[in-house]
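Let's take a walk through this structure together. Have the sequence and the 3D view ready, and we'll go one stop at a time.

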Amino acid sequence: MPEPTPRHYLMCRPTYFSVQYAINPWMDPSVPVDAALAVRQWTNLRQVYLDLGHQVEEITPVPGLPDMVFAANGATVIDGIALGVQFRDAERADEAPAYAAWFERSGYQVHRPKHVNEGEGDMLLAGDLLLAGTGYRTAYAAHAEAQEIFGRPVVTLHLVDPRFYHLDTALCVLGETVAYLPEAFSPGSRAALRRLFPDAVLASPADAGVLGLNAVSDGLHVVLPSQASGLAAELRDRGYVPIGVNMSELRKAGGGPKCCTLEVRR
Ligand code: ARG
């Protein structure tokens with residue numbers, strides 16, 4: 001039976017959010033973004049977490065870093081250890097020291113990564129396993145580095161569809177199991193996921209195509225984009241409680257609820 005546990009999240013208000021460059025196929029700087037609506041949608045997401053009883057902390061947004069709202073890319077935090085990030089793209093490079101400084105100030109042991117590592121965008125803790133994506137952003141070498149730092153077995157998963165450029169756009173940890181889009185993974189990674197999670201929820205391309213898998217679960221509730229109606233119905237059948245949120249503006253940068261949410265584990 002799905003069981004909720006209280007969570008601790010770090011978020012970054014989208015004060016300076018916009019789409020000014022294109023580093024994933026979702027981004028088109030010629031498509032207008034409603035900045036005020038983005039802030040309202042983000043504020044609603046934050047309120048959903050508070051209403052569920054979760055703790056939410058905020059990092060101060062930095063002008064000139066429009067993607068800093070995607071806090072999941074700020075670090076990977078397990079057992080009070082924060083593994084910092086190193087972005088593939090120069091446009092996001094300055095977010096890394098901003099997040100590392102926040103964790104240092106808050107008393108976490110911070111490790112600077114040696115390889116490209118985009119934090120929880122590509123590293124998702126599933127029980128004792130750290131599921132780690134590679135192919136577009138986080139380097140394969142970063143997986144071994146994470147295993148040394150956290151002492152958790154790392155399972156490498158190869159992403160093969162550029163629309164699902166971060167692991168958290170193709171897979172969501174639900175608690176005991178996961179939900180994922182098989183087509184987003186290489187044949188070997190798909191087979192490995194089948195072995196690890198025989199009861200996984202398999203998402204449809206349509207639901208993944210609205211970033212439905214970019215979802216945040218506390219073990220019972222699953223906060224996901226409201227457009228992912230098929231996935232929500234499937235989750236309900238499995239005993240989870242889906243909570244739809246509209247993230248239309250942040251999706252224009254390739255982000256959803258999970259991208260905006262970094263889980264902090266003391
Ligand atoms: N525009 C951002 C990028 O391409 C979106 C990041 C979304 N974050 C995530 N955890 N998937 O880097």
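Which residue in E14 is the bridge partner of Leu 224? It's Gly 244. Before going further, a word on the ground rules: this is a predicted model, where local features need pLDDT of at least 70 and side-chain atom pairs count only at pLDDT 80 or more, while totals for chains, interfaces and linings use all residues. Residues are numbered from 1 along each chain as its sequence is written, and side-chain values use heavy atoms, with hydrogens and water left out.

Back to the strands. E13 (residues 221-225) and E14 (residues 241-245) pair in the parallel sense over five bridges; two strands pair if DSSP finds at least two bridges between them. Helices (H or I, at least four residues) and strands (E, at least two) are DSSP runs, numbered from the N terminus. To get from E13 to E14, the chain passes through helix H6 (residues 229-237), and this β-α-β crossover is right-handed: with the strands pointing away from the viewer, the path from the first strand over the helix to the second runs clockwise.

E13 also pairs with strand E12 (residues 216-217), this time antiparallel, through two bridges. Val 216 sits opposite Val 223 in E13. E12 and E13 make a hairpin with three residues between them, and Gly 219 in the turn has a positive phi of about 105°. Because five of the five residues of E13 are buried, this strand is largely enclosed by the rest of the structure. Buried here means under 20% relative accessible area, with exposed over 50% and partly exposed in between (1.4 Å probe, protein chains only).

Next stop: Gln 41, in helix H1 (residues 35-51). Gln 41 is buried too, at 7% relative accessibility. Setting aside neighbours within four places in sequence, Gln 41 is in contact (heavy atoms within 4.5 Å) with Asn 246, Met 247, Ser 248, Glu 249 and Leu 250.

Now for the cysteines. Cys 259 is buried at 3% relative accessibility, and Cys 260 is buried at 0%. Why no bond between them? The sulfur of Cys 260 is 6.4 Å from that of Cys 259, its closest cysteine sulfur, and that's too far. A disulfide is a pair of cysteine sulfur atoms within 2.5 Å, and the count by this rule is zero.

Finally, the ligand. An oxygen atom of the ligand is 2.7 Å from an N or O atom in the side chain of Arg 92.

Methods
Polar contact = N/O pair within 3.5 Å; in protein donor to acceptor, adjacent residues only side chain to side chain.
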